[in-house]
Amino acid sequence: MRRQVLPALATALALALTACGGQTPQAANTPAPATSAPAAVADTAAPATQAPAASPAAQPSPGGRIQTIISRGNLICGVNSVLPGFGNVDSTGNFSGFDVEFCRAIAAALFDDPTKVEFRPLNAQERFTALQSGEVDVLSRNTTATLTRDGSVGLDFAPVTFYDGQGMMVRKDSGIESLEDMEGARICVQSGTTTELNLADQFRSRNINFEAVIFQEADPTFQAYDSGQCDGFTTDKSGLVSYQTKATNPDDHMILDVTMSKEPLAPAVLQGDAQWADAVRWVVYATIEAEELGITSANIGDFAATEDPNIRRFLGVEGELGAGIGLPNDFAARVIKHVGNYQEIYNRNLGPDTPFNLPRGLNTLYTEGGLLYSPPFR
Amino acid sequence: MSVAPPSQQQARIPFYRDTRIIAVLLQIIFLFVVVGFIWFLYSNMMAGLRRSNLLPNYSFLSQPAGFPISESPIPYDPGRTYGYAFIIGVLNTLRVSVIGVVLATILGVIIGISRLSSNWLLRSVATGYVELVRNIPLLLQLFFWMIMSQAFPRIQDSINLGGLLYLHNRGVTLTWMREGSSFGAWLIWIGIGGLAGVILYIARRIQFVRRDRPGVALPWALLLAAGVALVGFIILRISSGTWPLALDIPELQRFSFQGGITITTNFAALIMGLVIYTAVYIGEIVRSGIQAVNKGQREAARALGLTPGQTLRLVIFPQALRIMIPPMTSQYLNLTKNSSLAVAIGFPDLFSVAGTTLNQTGQTVPVMLIVMLSYLSVSLVTSLLMNWYNKRIQLVER
Amino acid sequence: MTTESAHARPTNPAMVIWDWLRQNLFNTWYNSIISVLIVALLFQLLSTFLGWLLTTQGWVAVLKNLRLLFVGRYPADQVWRIELVVAMIALLVGLSGGVWKGIVRNLATGFGLILSVLGLLAFTFPNDGLNPFITPPIFLLGSAALVALGVWGGSRLAEAARIPLLISWVLLYPIAILIIRGGVGLPIVETNLWGGLLLTMILSSSGIILSFPLGVLLALGRRSNLPIIKGFCVAYIELIRGVPLVTVLFMAQLMLPLFLPDQVRIDSVLRAMVAVTLFSAAYLAENVRGGLQSLPRGQTEAARALGLNPVQTTLLITLPQALRAVIPVLVGQFISLFKDTSLVVIVGLIDLLGIARTIYSQAEWKDFTGGVWRETLLVVALIYWIFSFTMSRTSKKIEEKMSVGYR
């Protein structure tokens, strides 16, 4: 009898311990909804069951990411921390920049509070891993939308927030006028970027030999160029403008009049969660639509009593627009109230009053000849 | 049940106090916990990857990589595959490690001996160097060397040392050799020289054994080999009219030097940092190894009439070596592993190439697996080699 | 001949110096050459270095970023919490110095001196007004006073204070973490705001404290004769020792969420702590194992003969002796752990080295010729150096004392 009991006891103990092992991190660290714990236990306590049997338990219902974010109480947003104008930390530790504002807009839509966002600085090489593993909820870090990234890298891109192109910065005294003059030149580029790939493609197609010097971080890349270790420095044109202000002598450098590639920069989420992707997508559209409708953070109060059904729907006064994508119905109003429309975001970070003074170029509404176009909110 | 017989035979001890049974039980529990935990992690990972449609897949290894690599020991262009890029990463890591190990050993031995020198100044400088370098993080030192290298003049204003060597902020350009038309013929001469050297070496060793007297064999053998090669060098110059090796003097082109070889700053900074850091530890190993040799050995060697140099070379060092090998192995491994810090200063080692690859392909898990396995195998192979060497020199004792 | 004349001790001081020089610098022809070369080289190096040190203007970059350097982005109005922890440590160090005397008192004296020097220096710092009541000099000098008070109090209390002091040291770590992070009554300061020296200290002290028990367990496991436990320990130790720390940190910082359920989210500083701990434990285990192996078999056999069971033998006989034997190695290990925490820069945490990099890339300093990286890196290197050097010196002292005790 005793001998019979023994193995059973051992197994029971082992199971209990295993379950504990699985549960500890949860108990210790999350205000997680109680429902998740049984799932984890079921998952671990039955090591013998096959993966298919275990995985449905681990798979959250559609819209899981939004639930996770809301129960956690803040949005975690992967951003750049060294590109003034797009994502930068000032000496007091505050994040600012164009991409950063879109994180705040998403937080505003979810929580009605743009400060409920934790910024996770990422370098170009880390960013997709962080998104894939769930380390960040959304990536708003001057990321170029490409097919590979959409497909095999596992991203889902929101609408393009900034249309850019790759450029090349050189010294004025180097005598370089075009890419063709760069035969044998040494070019500094950051790894893990589309620019790294485009550089290789462009020079290969023009049959120009070059030597790439590749750094993992953006700042050392530029420093290497600035100190003369490279003859050229390549990244997105907006980035070049931002970096030129950081140069020891900004006037010694110039940006070649050539666009090496299309660089549509867009926020991205991990694929496989359609609802969350929709939410991010429509927050971006909301900023564009607001500019088109002429609604700003300053005058949004004036629209409260409007009779225009388009605007009423847009601001969530009537209709159930947000519910379909897991957001509150007045998400657009929250975004505009706290962060502003596209124009406000642009001007605050890149516009005429900033050191960058980037012309809007393609980044204007379609009505003004640009590419910004929001599908209707209905 | 394997646990049953013991508890039956020894009826006096209840099963829950029988240490053997408890041991088996504990282990089973432990195994369950570990396996369960690993399963828990694994199933979470697979569920996450499946949800976002990113299941591990190794086909990317044969896809074209498309990204440039700044330096590589074998030809590379972005049209090559990811697998090939990986090989370059591994080769770069090995290149740094091997060069680093050799230089660090040389510097380390010098430091170790200096710390025991009778010259007070030399001893103090060596001690100061050790105390300075080993208390500062390697990464900080690497940053220092990297930025230091940027402070050199731009390539257009290189520091010119006799037209043969140029220092600039992209690296050091050295005059190097270029093979002439008679290079192939000269290789045959080198072969002959090498053979003659080996024969001489063996012959002398046999002679020593027969006469039962120690003596020097290797320098003479090397001298013979070099002599034959030199004779061939001159004969070929006379017969074919061209030197088998010509000087390749660097000339500044528009953006870079043509000819010679250039050691890039990234590579130089990495080697510099690794060597200076690791040499400190090797120096300490050498010092304590030498100190550990019994004092009587030194005195006996003196009494036999050996010079201090001979004492160090023939008596102290071979014995110290035996103590030094195991800690030396772990320093060599540390250097290899530390070379992964290359990623911070822009040298394309294994970890940096892997980082780019996982960024381009999204295959995080397979890429990290390959990286881990590569480092592990390098470590294990090095350990095996050093263990083998350790065994060999331990045998010399008997 | 020379040796004899040295022992004779000529009274003429010039002769003494001359003898010393001849014996220590010029005793052989090659030593003479080496000496001359070194003097020339040292002169060259030192004159350049000192010339730069005294003329450079770049220190302002460090001075303006002192808070960033020490506590990172920790909120200015909460910095008093860190000051409180430092004050607690100062008091404890002082008390221990008073109670234990010897090396500990030397340490306490050194700590107090450093605090006072910093306090005096702090009068020249620009006051960033983060705490109007406790300015940096007052805080630093106050802490130094606490050390002195502790030494005085400790020597009065002497024996009676030993046990309470040990308990306070054990409790210090959790209490300090609680104060710094907040929670009970205090507003919570998220770990992503921790940075600079604070983060370096927290990472390394956690690594040291937590990896110790783990490492000892692994070492015992590796020597155990239970095959599964032994196999696991061997696999773990060899796996971790075979890969670079960067890869472990990379896994912890960027890939770990993949292995956990969606709702579980472990703080990134905590993850770095765990990674550093797990990494360090493998190395520590090997050192402890070395100590265990060096023990003569007779110890275990004698313990068995006295009727101790295996657990008692390990806890009371072998482990204490083994740990004693490997103290110097362990301190060396802790020093390298302290330095290795700087690798978290690569995975995006801003520790002391990360702050240095932030400071010298700030746009304000681009007008300084050559930038301010030398000054920043020098200050940061000095901070690292002081800590590691103190640790290594202390371990050396302990080692000497112990080997004396054995004879």
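User: Which residue stands opposite B:Val172 in E8(B)?

Analyst: B:Ile263 does. This is a predicted model, where local features need pLDDT of at least 70, side-chain atom pairs count only at pLDDT 80 or more, and totals for chains, interfaces and linings use all residues. Residues are numbered from 1 along each chain as its sequence is written, and chains are lettered from A and ligands numbered from 1 in the order in which they are written.

User: What makes E3(B) and E8(B) a pair?

Analyst: Two strands pair if DSSP finds at least two bridges between them. E3(B) and strand E8 (residues 261–264) of chain B have four bridges, so they pair. They run antiparallel.

User: Which strand does E2(B) pair with, and in which sense?

Analyst: Strand E2 (residues 165–168) of chain B pairs with strand E3 (residues 171–174) of chain B in the antiparallel sense, over four bridges. B:Tyr166 faces B:Thr173 in E3(B). A hairpin of two residues links E2(B) to E3(B).

User: Why is A:Gln343 called buried?

Analyst: A residue is buried with 20 or more other C-beta atoms within 10 Å of its own, exposed with 12 or fewer, and partly exposed in between; C-beta atoms are placed from the backbone. A:Gln343 has 21 C-beta neighbours inside 10 Å, so the residue counts as buried. A:Gln343 sits in helix H14 (residues 342–349) of chain A. From A:Glu101, A:Gln343 is 242 residues away in sequence but 12 Å away in space, C-alpha to C-alpha.

User: How much of chain C is buried?

Analyst: Of the 407 residues in chain C, 36% are buried. The C-alpha atoms of chain C fill a box of roughly 70 × 65 × 50 Å along the principal axes.

User: Why is H4(B) called oblique to H3(C)?

Analyst: The axes of helix H4 (residues 120–134) of chain B and helix H3 (residues 29–55) of chain C cross at roughly 50° and come within 8 Å. Angles under 35 degrees count as roughly parallel, over 145 as roughly antiparallel, 65 to 115 as roughly perpendicular and the rest as oblique. So H4(B) is oblique to H3(C).

User: Which residues make that contact?

Analyst: B:Leu121, B:Leu122 and B:Val125 of H4(B) meet C:Ile34, C:Ser35 and C:Ile38 of H3(C) (in contact: C-beta atoms, placed from the backbone, within 7 Å).

Key
Axes fitted to C-alpha atoms, helices over the stretch in contact; angles between N-to-C directions. Contact = placed C-beta atoms within 7 Å.
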